[in-house]
Amino acid sequence: MTDTAPPTAPLRLFNSLSRSVETFEPIVPGTARVYSCGPTVYNYAHLGNLRAYVFTDTLRRTLAWKGYDVTHVINITDVGHLTSDADAGDDKMEAAARTQAKSIWDIAAHYTQAFKQNIADLNILEPSRWTVATDYVPQMIAFAERIAPQHCYELPTGLYFDSTTVPDYGALAGGRDDAANARIDPVEGKRHPSDFAIWRKSPPGEQRQMEWDSPWGKGAPGWHLECSVMSHDTLGHPFDIHTGGIDHREIHHPNEIAQNQAFHACCGGDESITPAVAGFTGARWWMHNNFLVDRAGKMSKSKGGFTTLFSLIDRGVHPLAYRLLCLSAHYRSELEFSGEILGTALTRLKRMLMAVNSLRNLAEKKPDGNSAQSAAFLNTFDAEISNDLNTSNVLAYVDIVLGRSDIRPSDRLDVLAQIDSVLGLNLLTLTRADLRIRPNDATITETEIEAELDRRKAARANKDFATSDAIRDSLASRGVEVMDGDPLGWEWKLDLN
Ligand code: AMP
Ligand code: ZN
């Protein structure tokens, strides 16, 4: 915060545990500890995955703007995530290594690097700490040893958690769903469909690329165990907020909660956390973003055919247009994706940058004005963002602030700077020219486009409409749409579809 009064609106956040919006109270006053389930690095992150991190970044930026000292951890899952979230199938990393004929470590390094590039391109703040699952195997074994006697049983395939040994198993998902779990490939000998692997033993005679010795034999940790252990190790339990996509509300997070309940039972559960869930869940808030969907449904890595941020950039779309698209919907609503919708977001971003630019010119020309209403503006912004991160209303409010010609331009710029510290769109530093990224496969350069448009202007001036139309059609065939009379003054744009 700058010289204006600090924001005072109570921060209201939807807690999936109670399925209601609650007022955020940090465990340690003035601080906020946040853990976000990170990517499984067997492939590139798709736009849906990245929506999850735009959401956590908005949460983190909001907490920081409201004055909390934020510690944010994102993990990298490089072992343990099976092709089915509920313990069936192959390890995604082992499977990718086989298909791509590479070592798992190379696969993990490549896709981790790619993910960090996506994060930077989307102006998502680096977490205070990245934790890598394979760095925590000894801690995972220690955690499992502690809960095993009372909560686990051993089968030839591994060590399994008995989901009936904790109170209210599956409450986060809205209750135990044995019917859903029964549809998942059964594991021979599991006592209940919702029981899950804490440790998976390497199959006899098979050497896996990633395996460790443990009291239950050579093998690898279960995916759910990782997040319980890494969040405990880095943030301590209970911490404030655990985030993930809404798919995690059904299996991964209920299983983390069950493990946390088991682990802490011996140290006294914190019954005050949320009355809806008996015992200790590990985090006070469990928050989930909804899906990004396209024509084929939920965008998903395993389904293939997904869109990456790299491919958008290759097509000439600035990554912050995708960030703006994410912010234009509430994080708890489904968000539809298509080239057209993205094109609209890009235009909206351009329009905002043009307005900020005019405001900057005005501020230079007319440094003095009559009123300073920053406080009132910021209060409205505070109310919107504190209302469970209502970024779509905040974006609408940005347009209002930009258009308030009765307010001193420099005051409006100050307010926008603060709002943008939460939106992360670089509204005050990005220029319209920055948005013009040359598509990788463009068969035409910007200079050629401009030359063709000059030729077209000359033809129109001579009333030679046949030539003018032919030039427009030839540009269209090369993916360039001529935009006559565009209100933003853009003469052309590249077709994004
Ligand atoms: P993964 O790399 O599959 O473990 O997923 C990383 C994050 O992306 C998790 O928080 C998922 O819940 C989330 N996620 C996966 N698919 C989507 C989607 N289509 N829309 C939004 N979030 C998603
Ligand atoms: Zn996780």
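Me: Which helix holds leucine 225, and is leucine 225 buried or exposed?
Reply: This is a predicted model. Leucine 225 has its place in helix H6, residues 223-235. Buried means under 20% relative accessible area. Leucine 225 has 0% relative accessibility, so the term that applies is buried.

Me: What does leucine 225 contact, leaving aside neighbours within four places in sequence, and what is its C-alpha separation from phenylalanine 196?
Reply: With those neighbours left aside, the contacts of leucine 225 are Met140, Phe143, Ala144, Ile198 and Gln259. Phenylalanine 196 is 29 residues from leucine 225 along the chain, and their C-alpha atoms are separated by 9.9 Å.

Me: Where is alanine 32, and how far is its C-alpha from that of histidine 72?
Reply: Alanine 32 lies in strand S3, residues 31-36. Its relative accessibility is 0%, so alanine 32 counts as buried. Beyond four places in sequence, its contacts include Phe24, Tyr68 and Asp240. Histidine 72 is 40 residues away from alanine 32 in sequence, and the C-alpha to C-alpha distance is 8.3 Å.

Me: How do the rings of phenylalanine 115 and tryptophan 130 pair?
Reply: The whole structure has 15 aromatic pairs. Phenylalanine 115 is in helix H3 and tryptophan 130 is in strand S5, 15 residues apart, so the term "distant parts of the chain" applies to what they link. Both residues are buried. Their ring centres are 6.0 Å apart and their planes are at 75°, over the cut-off of 60 degrees, so the pair is edge-to-face.

Me: How are helices H2 and H3 oriented to each other?
Reply: H2 (residues 92-100) and H3 (residues 104-121) have axes 9 Å apart and pack at an angle of about 100°. The residues of this contact divide into seven nonpolar, one polar and one charged; among them are Met93 and Gln100 in H2, and Ile107 and Tyr111 in H3. Angles of 65 to 115 degrees form one class, so H2 and H3 are roughly perpendicular.

Me: Which ring does arginine 146 lie over, and which does arginine 332?
Reply: Arginine 146 is 3.9 Å from the ring centre of phenylalanine 263 and lies over its face. The charged end of arginine 332 is placed 3.9 Å from the centre of the ring it sits over, that of phenylalanine 14.

Conventions: Residues numbered from 1 in each chain as written. Chains lettered and ligands numbered in written order. Predicted model: local features only at pLDDT ≥ 70, side-chain atom pairs only at ≥ 80, totals over all residues. Heavy atoms only, no water. Axes fitted to C-alpha atoms, helices over the stretch in contact; angles between N-to-C directions. Helix = DSSP H or I, 4+ residues; strand = E, 2+ residues; numbered from the N terminus. Parallel < 35°, antiparallel > 145°, perpendicular 65-115°, else oblique. Contact = heavy atoms within 4.5 Å. Nonpolar A, V, L, I, M, F, W, Y, C, P; charged D, E, K, R; others polar. Phe/Tyr/Trp six-rings, centres within 6.5 Å; stacked < 30°, edge-to-face > 60°. Buried < 20%, exposed > 50% of the residue type's maximum accessible area, 1.4 Å probe, protein only. Lys NZ or Arg CZ within 6 Å of the ring centre and 35° of its normal.
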